[in-house]
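Hello,

Here is the structure I promised to pass on, with some notes on what turned up in it. Please have a look and tell me what you make of it.

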Amino acid sequence: QVQLVESGGDLVQAGGSLRLSCAASGVIFSINTMGWYRQSPGKQRELVARITRGGITNYADSVKGRFTISRDNAKNTMYLQMNSLRPEDTAVYYCNANVLIGVPVASYDYWGQGTQVTVSS
């Protein structure tokens, strides 16, 4: 069984910074693309940023230049550095990972439980 555990969510003032972490655990052969998504009340879950195993990244237009996604493949961990936070960044942030497990190896998508980020004005 694979688990993704997010941490780092908090209440912060506008203009502040937070760093989210997502740690994957379990019997994992490898992790392909990992990503951060967010969902605020009444809205659909949306992609914030994602990163391939090789380090190729892409970002939502709304966070470009403010957020930085990274990962440590040796630790099966992904990070999201969030700077210049705005009230509209308030949401539950979810970690997603495409994980290779099992014999024979197959890929599966997993989600974390989410971590709350609240930005006050």
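Let me begin with E6, which belongs to strand β1, residues 3-7 (strands are DSSP runs of E, at least two residues, numbered from the N terminus). Please keep in mind that this is a predicted model, where local features need pLDDT of at least 70, side-chain atom pairs count only at pLDDT 80 or more, and totals for chains, interfaces and linings use all residues. Residues are numbered from 1 along each chain as its sequence is written, and side-chain values use heavy atoms, with hydrogens and water left out.

E6 is buried (under 20% relative accessible area, 1.4 Å probe, protein chains only).

Four strands form an open antiparallel sheet in the order β1-β3-β8-β7 (two strands pair if DSSP finds at least two bridges between them). β1 and β7 (67-72) are at the edges with a single partner strand each, so one side of each has no neighbour in the sheet. From one strand to the next, the twist averages 15° (between N-to-C directions of lines fitted to C-alpha atoms, on a scale from 0 to 180 degrees). β7 pairs with β8 (residues 77-82) over six bridges, and D72 has T77 in β8 as its bridge partner.

Best wishes

How values were computed: Buried < 20%, exposed > 50% of the residue type's maximum accessible area, 1.4 Å probe, protein only. Lys, Arg positive; Asp, Glu negative; His and termini not counted. Salt bridge = Lys/Arg side-chain N within 4 Å of Asp/Glu carboxyl O.
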